[in-house]
Amino acid sequence: MKRSNKESSPISIIFGILLLCAFYALLQNFIPILIGIIIICTIGYITYKVMTNSKNKESFEQNINQLSQPTSSKNNVVTTVQNSVLPSIQTQNQANDYDLKIEYVQLSTSGDDDVCPMCAQFEGKIFLSTEAPQLPLCPSCACVYMYYFENDLPSNSIISNKNDFILPAECTSMFYKKQQQICKEKDITKLIRLCESQIKKLYEFMEPYISAQFSAPAELACRDLLPDLYMQLGKWEKAESTIKTCIKAKAYYPEDGSAQLIEFELYKKVATETLSYISQNPGCLQRNVYKAMGYEGEEREQLKNFLRDSKQIEKEKYNNTNKLFVKEVST
C-alpha cells in the first residue's frame, strides 16, 4: 500500500537532521560522534521497517477475513435487475468479484391484474442467461430477472426455450423508452411528437399480439393519449385519423375501437358548440356555462373534460370561478 506524504515527511525530516549532523562531525573530525549517528540511523531505519511491515500485514489479514465472510449475495438468487436489456452482461460483471459464473435467469412480472399477456406468458420461466428474452417485453414493462449462479438451480427446475413463446416486436424497446419519456414530459408539443413516433411503428408493434390473439397492452400512449392531445388543440381530423389507425392496427383488441370513435364524436360536438357559445359571450363565467349549454349525462361529463383540458380557451380568474374567452389562433 502506498504511504501518504503525511506519514513519510516526519521520518524524512529526522533522517535529514541526522545526516547534517553526521556531515558536520565528519568535517570536525569527530569520529566517535559520527559512529554514534550511524548506529542511531541504522537502528531507527530497522525499527521503522518492522513497524511498517506489521501494519501492512495486519491490514492484509483484515481484508482476507472480510472476503472470507459469507455474504447474502452468494445465496441462490444473486441479484435482481429491473428492465435490463442485457441481463447476462450486467450479471457477469457483478459475479466477477466472486469468480463465479451466472448461468440461469428466472423472469418475474409485477404480478398485478394489469400484466400484459406478452409478459404473463414468461412468469416464473427459467432460461439460460445468454438465451433469455430481452427486456422490456411491453411499453410499460415492469418485469425483472432473478439470477442464479451455476449449480445453484433447484434440481426440479425446467429450462425453457424463448422460441417456444411469442416474442415482442423489435421496436418494443423504442415504445418503452418513449413511454418513459412521456410520463415525465409536460409540454404538449413534445408529448405529441413522442406519441407520433410510436404511431409510425404501431402495426409492427402489434403484429405479435395479433398473431397470438393477445389482448392489446393496457397502456399505450399513442392510442390512449395522442387523440386526447389533438382534441385539446381542436385538431379534429388528426384525432379521428389516430383512432382509425389504432383500429386498423387492432390496438384496442379485444375491443374494436368503435366506442372510442363514438366518444370522440361526442366530445367534438360538445367542444364545438361550447366554443361557439363562448365566442358569442366573451367573458362568460365558467360556472354559468353548464346551465347555458344544458347538457346532461355523458355530454355534461364531456363538457367538464373540455373546460378542464382544452387549449382553445383562455381563463381569467374571477372570484371562485373563471371568465372564459376563445383563444386567438396564431397565424
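Arginine 223 is buried, with a relative accessible area of 9%; buried means under 20% relative accessible area, exposed over 50%, and partly exposed in between, using a 1.4 Å probe and protein chains only. This is a predicted model, in which local features need pLDDT of at least 70 and side-chain atom pairs count only at pLDDT 80 or more, while totals for chains, interfaces and linings use all residues. Residues are numbered from 1 along each chain as its sequence is written, and side-chain values use heavy atoms, with hydrogens and water left out.

Arginine 223 belongs to helix 8 (residues 221–224); helices (H or I, at least four residues) and strands (E, at least two) are DSSP runs, numbered from the N terminus. Apart from neighbours within four places in sequence, arginine 223 is in contact with Ala216, Pro217, Ala218, Cys246, Ala251 and Tyr252, where contact means heavy atoms within 4.5 Å. For alanine 251, the backbone oxygen lies 2.7 Å from a polar atom of the arginine 223 side chain. Leucine 202 is 21 residues away from arginine 223 along the chain, and their C-alpha atoms are separated by 9.3 Å.

The chain as a whole has 13 helices and seven strands. Of its 331 residues, 36% are buried. Contacts between residues at least 6 apart in sequence join residues at least 24 apart in 66% of cases. The chain exposes about 20,700 Å², and carbon and sulfur atoms supply 52% of that area; accessible areas come from the Shrake-Rupley method with a 1.4 Å probe, and for residues only the protein chains shown count as cover.

Two loop residues can be read in the same way. Threonine 109 sits in the loop between strand 2 (102–108) and helix 4 (117–120) and counts as buried because its relative accessibility is 12%. Its side chain and that of glutamate 123 are joined by a polar contact of 2.6 Å. Such a contact is a pair of N or O atoms within 3.5 Å; within protein, one must be able to donate a hydrogen and the other to accept it, and residues adjacent in sequence count only if both atoms are side-chain atoms. Beyond four places in sequence, the contacts of threonine 109 include Val115, Cys119 and Cys143.

Serine 310 occupies the loop between helix 13 (297–309) and strand 6 (313–318), and is buried at 7% relative accessibility. A polar atom of its side chain lies 3.0 Å from the backbone nitrogen of glutamine 312.

Next come the aromatic rings. The structure holds ten aromatic pairs; rings of Phe, Tyr and Trp (its six-membered ring) pair if their centres lie within 6.5 Å, with planes under 30 degrees apart counted as stacked, over 60 as edge-to-face and the rest as tilted. Tyrosine 145 and tyrosine 147 form an edge-to-face pair, 6.5 Å centre to centre with 70 degrees between the planes. Both of these tyrosines are buried. The phenylalanine 205 and tyrosine 209 pair is tilted, because the planes are at 40 degrees, with centres 5.4 Å apart. Both residues lie in helix 7 (residues 202–212), four residues apart, about one turn of the helix.

Isoleucine 39, in helix 2 (residues 31–68), is partly exposed at a relative accessible area of 46%.
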